[in-house]
Structure formats: structure tokens, C-alpha cells
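Here's a quick tour for anyone meeting this structure for the first time. Have a look at the model, then read on for the main points.

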Amino acid sequence: MLPRLLYKGFSHYLANQSTELEKMSESKRILIVGGVAGGASAAARARRLSEDAEIIVFERGEHISFANCGLPYHIGQVIPKRESLLIQTPEAMARRFRIDVRTRCEVMSVDPGAHTATVRGADGAESVEPYDKLVLSPGAAPVCPPIPGADLPGVRTLRNIDDMDAIKRIVDRDAPERALVVGGGYIGLEMAEALRLRGLDVTLVELAEQVFVAADAEMAAPVHRQLVEHGVDLRLKTSVTAIEPSGERLKVALSSEESVECGLVIMAVGVRPEADLARDAGLEIGQTGGIAVDEQMRTSDPDIFAVGDAVEVTEFVGGGSALIPLAGPANRQGRIAADNIFDRPSVYRHTQGTAICKLFDLAIGMTGMSEKALSRAGMNFEKIYIHAASHAGYYPGAAPINLKLLFDPESGRVLGAQAVGSDGVDKRIDVLAVAVRAGLSVQQLQDLELSYAPPFGSAKDPVNYAGFVASNVLAGDVKLCHTPDMLAPGDNQLLLDVRTDGEVAAGTIAGSVHIPLDDLRDRLGELPSDKELLVFCAAGLRGYLACRILSQNDLACRNLTGGYKTFKDATDAQP
Ligand code: FAD
């Protein structure tokens, strides 16, 4: 008994000692630069891990923890109340988390050797703040291209509440007839929608041949149609060359030699990481211009962490260095940095670029690598397209989803996915985001048991269905062809349209012969046995069935994945 009691007493003593030691090690002074997504997450997590730490957040602007992602929706009056975007106030952060939030305070420089940051306060006075640990979450600033007139008062960028207020003021007060949005990324697209909702005529100018450039061009084609259907004057492959005042308005000169008169210009041509503070402090900067960090979000200085839009990340699928400015990664990284500050081993496992954008009645979403990115990285891939219904076709409201799946032709691993449609895009992209993250193969997509009742999906969900189609390819049940094959078939190839007479009458691919699927078995003799048949239908299913008939009758064939619908999108998207 005695030894046991002694042991108990000793372990109690040890426990007390280690609690004291922990307390000592946790009494840290933590400075955080930037009080929005990454910074606020790091601050709140730090407090949850330590009641003793002194946590100070410096925010250059007036607001902390506001909903950047909601800014366009307040301008468009979808979110009527401005306060809805102000998720936290410094007072609330102080009350709930005992965090010292100092707004209108800019961190001007960091001295890693001295463990100090120099801060300019709201009154302009500078102070030197010591730290044990520093977290940089300064975000990314809108790029302002060096165009004459880009600094005129009617030319605005959108990053924070002040920017939103300024844009809204122009719309409310001046009621301009037309706005010109420069850039077709998600901020440009969301602003085009917001301004249309406010009744303005909108011109959207995009330098590339497509909007939402992270996705592949043929997937953006429905977005282009959506913009035009909603009255947006879309100018692709066009840039702004100069802006000048024209009476009360602005005259915007375009690379097409045309000019547009408008009352407001929104510059949304991208963002660049705010890495100057880190660079000036001698911290390592990555090849993309973002702050270099390790998997624990630690910079080249062991006591300085960096998170959010300002950091360079590793792209999850291909492993390349990338800048992927998104809210989810920033929030998770803030939490991970705080974990590691308090010696909780926590690792950021790269960014896969899962993103979605709403445009009027349409959503476009993506995860993992695009075809463009895979090609750039020299990675081997195959792709399939499906056109499925968002839920059972017999239940009201079903809408088509156009889904593209990219996968490794050897292992079947899912490398990326993109989807566009008016219903259910978010759900499919999120399931496929999990598939990419978990390293699932297309064969495993077939096995996913997803929720189903007619209002929500189909017994074969589009994700399962994409798995079936891709698995058929890997099993060698069917060979695929793509739009370029149809546009330039070889002498030894023949295009075969297996759709109905009515569908063909509405348009087909030049040079194709037509045999409807249901007549195919009876008319096999009409087909040349010395040519490869490039078969197509509307969406790919009947083409697949035709290929099964043809190949079992010893006729060489390939099926156009995604069918005529994808062909149309791909040719629409061509420069
Ligand atoms: P930020 O949230 O930008 O915060 C950085 C803060 O640091 C800024 O407030 C800045 O003032 C402050 N700061 C910088 N330097 C200093 C300094 N030296 N001293 C003190 N303070 C400093 N992402 C999505 O995933 N989905 C969306 O739908 C989406 N929509 C968006 C819509 C808009 C209009 C915008 C602007 C962004 C959107 N984003 C979206 C991107 C998302 O908001 C960012 O990825 C995220 O906010 C990044 O968090 P962060 O902490 O790195 O930077």
C-alpha cells in the first residue's frame, strides 16, 4: 500500500509542477498583424488554448473580422443590412476572448532579432511592441494596373468595408447609368451581378478569352452565356488602356480601340500578397511572391508565423508552389499557427483550390487541378464530361449539371473536378473535393453512398455517374475522343452522329454521317470497316451505348465524351 501512496503523492507533485511549467510557457505575448480571416482565427484559437497569453491584434483598417466575401452582396442589396457583415467588434473580442484589438494601427516593421514590431497608432504615434510570437495575416491587396487614370475617384477596388461603402455611395448617390468592371475573376463576376441587380448597365472587360480563369475554358462557356442573358456587355480578350474624365463621367479606352462611357469603374484584376512587411524583416519569400512557410505555418524565423492570402502554399494535387487566396485556407491556417504556438503539433496539408462562384442563376465550382494546370505541370491525365440532372428528372425543378472530371489514366486517382449549373453544383464539388483530399480513385466514386430522395438527387448521383463513366474508360470498355478530334478528323476516321432526326435538324458536327442509335444494329453494313468511327450523341450516354454495339461488331470507335453539348461549349470557348 505504502509504495502506491508514495507513488500517488509523487505523481500529484509532478502534475502540479508540469501545470506550473505549462503556465509559465503559455504566458506568451502574441502579436497578430491583420484582424480579419486568418488573424482573427489565430487570435481566437490562441485564447482558447491559453487563458494566460497576452494577445494583441493590430488592424490597419477600422473593422476586424468582417465578411469580405459578403461585400458584393451588400452593394447588390441582397444583404440589406451593413451590420450583417460586421461579424465581430473589438469590444466583443475583448469581452469574450480578452483579446486586445487595436484598429487603425498599422505594423510598420518587424525586428526578428529584437523580437519587436513597430506600430503606428490611430493618432500617428509610433510604439515598439515586444513579442514572444508573431503571426502575420496581412492578406492580399488588389492589383492596380498602371493604366493612365486608374487613380481617378470613380475607379474603385473592393477589399474591405471602406471600399464597399465608397462603391455603394457612388451607386446610391450618383445613380450612374453604366459601370465597367475590369476582370472576370470571382470578385469581378460578383460585382457585375451586384451592379446589374442595382439596375446599372454593366460592361465586363476581361483580358483572357474566358472569365473565371481558374477553370477550363469550355466550363466557363455557360457563364459567358449567363452574363449575356442577364444583359452584361461582355468583352473578352480585351483590356483597358486608359481612363479619363468626361464631364461627370469616365471615358474608358479599350484595347479594341473602342471606348465606354460610365460612372463607375471596378478594378478587379487580381490580388497580390502583402509580403513587404515580411520581406523587409528579412523573412524568406517564396518564388510566387508569397511569404514562405512550412507545414506548421512557420516562416523562416521560428517565432514568426504567417497565414492567409499573404503566404505561398503548396498545391495539393500537383505539389507546386502557388498563391490561392481563399477564406477557408486562411481560417484553417490561423488556427494551425495558434496550435503550433502552444506546441500542439498541427499541420496544414496544402491547398486544393476548392472554389465556387454564383452568377445570377448559375454556379460554377471547382476543386483540385484544372486541365490547364495539369497540362502546364506536364502531368498525365484523362478527362470525362457528364451532363446529369441535379435531382430526379420527374421531381420539379431539376436542372442540368455539366460536370468535368480529371483523373490519372493509370491509377484512376481523381485529380480535379469542375461543375457548372443552376442547382446542386456546390454539393457535387464538395463531395469531389473530399474525393481529391482522400486520394480516391474514379472506381471508388462508384461506391460512394450519397443521400438520395427525388427532391435532392438521383439513385445514381452525378458523382457516382462520373465514376461509372471514367471507370468504363479505365476498364477499356470504351475509348474516348474530344472536341479537337471532331474538328480535324484524320482520313481514316469518320464522324457518326447517333442522335434522333429532330436533334440533328437542330445542328450537328460538320462532316458527320447520321444513324440514330435505335437503328444502328440494323444499319451496321453502311459503316466502313477500315475507318475509326468518332461517335457522338447529345451528352455521351447514347454514344457509349453505340460504341458498345460497334466494338462488339469489330468496328473501331471512340465516343465523344460529353457529346454535342460539350462540343458546343468547347467550340464556343475557342478563341
Ligand atoms: P484579409 O482577410 O484580407 O485580412 C488582412 C487584414 O490585414 C486586412 O484587413 C488589412 O487591413 C490588415 N493588414 C495588412 N497589413 C497590415 C499591417 N501592416 N498592419 C495592420 N494590419 C494590416 N474567399 C472565398 O473563399 N470565398 C469567397 O466567396 C470570397 N469572396 C470574396 C469577396 C471579396 C470581395 C473579397 C475581397 C475577398 C473574397 N474572398 C473569398 C477571399 C477571402 O476574403 C480571403 O481569402 C481572406 O479574407 C484572406 O484572409 P487573410 O486574413 O489572409 O486576409
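## The quick picture

The protein exposes about 25900 Å², and carbon and sulfur atoms supply 51% of that area (accessible areas come from the Shrake-Rupley method with a 1.4 Å probe, and for residues only the protein chains shown count as cover). What you're looking at is a predicted model, where local features need pLDDT of at least 70, side-chain atom pairs count only at pLDDT 80 or more, and totals for chains, interfaces and linings use all residues. Residues are numbered from 1 along each chain as its sequence is written, and side-chain values use heavy atoms, with hydrogens and water left out.

**Overall build**

- Taken along the principal axes, the C-alpha atoms fill a box of roughly 90 × 90 × 45 Å.
- The protein has 17 helices and 30 strands (DSSP runs numbered from the N terminus: helices are H or I with at least four residues, strands are E with at least two).
- Of its 575 residues, 52% count as buried (buried means under 20% relative accessible area, exposed over 50%, and partly exposed in between, with a 1.4 Å probe and protein chains only).
- Take the contacts with a separation of 6 or more: residues 24 or more positions apart account for 63% of them (contact means heavy atoms within 4.5 Å).
- There are 58 positive and 77 negative charges, and their mean positions are 4 Å apart. Here Lys and Arg count as positive and Asp and Glu as negative, while His and the chain ends are not counted; each charge is placed at NZ of Lys, CZ of Arg, CG of Asp or CD of Glu.

**Domains**

- The protein is divided into domain 1 (23–140 + 273–341), domain 2 (155–269), domain 3 (361–474) and domain 4 (480–573); these bounds come from an automatic or database domain assignment.
- Domain 3 and domain 4 have C-alpha centres 23 Å apart.
- Where those two meet, 9 residues of domain 3 are in contact with 10 residues of domain 4.

**The nonpolar cores**

- In soluble globular proteins, nonpolar side chains tend to be buried together.
- The largest nonpolar core has 51 residues, and the ones touching the most other members are Ile 384, Leu 405, Leu 520, Leu 527, Val 535 and Leu 550 (a nonpolar core is a set of buried Ala, Val, Leu, Ile, Met, Phe, Trp, Tyr and Cys residues joined through side-chain atoms within 4.5 Å).
- Both domain 3 (361–474) and domain 4 (480–573) give residues to this core, so it lies between them.
- There's also a second, separate core of 49 residues, which includes Met 93, Val 135, Ile 304 and Ala 322.

- Ile 401 sits in strand β24 (residues 400–407) and is buried, with a relative accessible area of 1%.
- Beyond four places in sequence, Ile 401 touches residues including Ile 386, His 387, Val 420 and Arg 428.
- Ile 401 and Arg 499 are 98 residues apart along the chain, and their C-alpha atoms are separated by 20 Å.
- Ile 304 is part of strand β18 (residues 304–306) and counts as buried at 0% relative accessibility.
- Ile 304 and Val 110 are 194 residues apart in sequence, yet 9.9 Å apart in space, C-alpha to C-alpha. Val 110 is among the contacts of Ile 304, along with Tyr 131, Leu 134 and Leu 283.

- Thr 483 belongs to helix α14 (residues 483–487) and counts as buried at 8% relative accessibility. Leaving out residues up to four places away, Thr 483 touches Leu 560, Thr 566, Phe 567, Ala 570 and Thr 571.
- Thr 157 is in the loop between β9 (155–156) and α5 (161–174), and counts as buried at 19%. Among its contacts beyond four places in sequence are Pro 142, Cys 144 and Met 267.

**Positive phi in loops**

- Ser 65 has a positive phi of about 45° although it is not a glycine. You'll find Ser 65 in the loop between β2 (54–59) and α3 (71–75), where it counts as buried at 13% relative accessibility.
- His 115, also not a glycine, has a positive phi of about 55°. His 115 lies in the loop between β4 (106–111) and β5 (116–120) and counts as partly exposed at 24%.
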